[in-house]
Amino acid sequence: MKNSIVVVDDDPIIRMDIREMLEEEGYAVAGEAKNGEEAIELVAELKPDLVIMDVKMPVMNGIKASRIIRSLHDTETSVLLLTAYSQKELVQDARSAGVAAYLVKPVSEEDLIPAVEIALSQKERIDSLKKDLEQLKQSIEERKRIEKAKGIVMKTFALDEEEAYRKMRAASMAESIPLIKLADGILKDGPQRWFGS
């Protein structure tokens with residue numbers, strides 16, 4: 001099965017049509033909702049890759065629901081809006097709500113599947129960028145702790161930067177632990193615990 005998708009429309013026949021088109025292409029339809037409020041609850045519960053949602057619905061419209069879905073911190077769900085209108089204002093609202101794509105009804109399989117692929121590829125790109133950013137933050141954080149520990153080793157043993165780094169590398173190899181673990185140990189317990197006096 002491909003990515004999981006939630007379909008939201010107040011018209012059950014449209015929901016059924018979209019579900020059939022998606023399932024024929026191998027997508028998993030994780031759930032269905034008939035208004036924006038139900039959509040938000042489903043997304044929070046199921047964390048699907050994509051929500052395909054109508055704009056005009058009772059209780060809460062698709063644009064407002066999109067805004068709330070995009071603001072949920074523990075989900076990276078992409079939103080594809082369906083509308084019977086293609087007014088400029090709607091496009092602006094959809095864009096400001098963080099919608100990945102939108103389609104004008106009636107929706108055909110020829111339009112739906114490429115739009116789904118685009119929305120999902122945007123999600124994958126954003127997920128990948130977020131992961132890269134997290135790794136970068138972590139490596140900067142680790143570098144800072146290693147530098148701090150190196151400063152302590154330099155001061156304690158009256159070494160220059162290169163000698164202190166070599167001493168730390170040698171200890172990390174001797175102890176068979178990553179340099180960051182050694183650095184954290186130096187920061188926590190002091191250098192003597194790792195190098196003697």
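The accessible surface of the protein chain in this predicted model comes to about 11400 Å². Carbon and sulfur atoms account for 52% of that surface. The chain has 197 residues, and 39% of them count as buried.

Eight helices and five strands make up the secondary structure of the chain. Read along the sequence, they follow the pattern β-α-β-α-β-α-β-α-β-α-α-α-α.

Helix α5 covers residues 109-157. Helix α1, residues 12-24, packs against α5 at an angle of about 65 degrees. The two axes lie 10 Å apart, and the crossing is right-handed. On the α1 side, the contact is made by Ile18, Met21, Leu22 and Glu24. On the α5 side, the contributing residues are Glu109, Leu112, Ile113 and Val116.

Helix α5 also holds Leu136. This residue is partly exposed, with a relative accessible area of 48%. Together with Leu133 and Ile140, Leu136 forms a nonpolar patch on the surface. The three residues have about 270 Å² of accessible area together.

Side chains of opposite charge can pair when their charged atoms come close. The structure holds 14 salt bridges. In one of them, the side chains of Lys105 and Asp54 meet at 3.2 Å, N to O. Lys105 lies in the loop between β5 (101-104) and α5, and Asp54 lies in strand β3 (residues 50-54), so the pair ties together parts that are 51 residues apart in sequence.

Lys188 counts as exposed, at 68% relative accessibility. Asp189 counts as partly exposed, at 40%. Elsewhere, salt bridges that share partners join Arg15, Arg19, Glu23 and Glu32 into one network.

Technical notes
Residues are numbered from 1 along each chain as its sequence is written. This is a predicted model: local features need pLDDT of at least 70, side-chain atom pairs count only at pLDDT 80 or more; totals for chains, interfaces and linings use all residues. Side-chain values use heavy atoms; hydrogens and water are left out. Patches are made of residues with over 30% relative accessible area and no salt bridge: like charges are joined within 9 Å, nonpolar side chains (Val, Leu, Ile, Met, Phe, Trp, Tyr) within 5 Å. Accessible areas come from the Shrake-Rupley method with a 1.4 Å probe; for residues, only the protein chains shown count as cover. A salt bridge is a side-chain nitrogen of Lys or Arg within 4 Å of a carboxyl oxygen of Asp or Glu. Helices (H or I, at least four residues) and strands (E, at least two) are DSSP runs, numbered from the N terminus. Buried means under 20% relative accessible area, exposed over 50%, partly exposed in between (1.4 Å probe, protein chains only). Axes are lines fitted to C-alpha atoms, for helices over the stretch in contact, and angles run from 0 to 180 degrees between N-to-C directions. A crossing is left-handed if the near helix is turned anticlockwise from the far one by less than a right angle, and right-handed if clockwise. Contact means heavy atoms within 4.5 Å.
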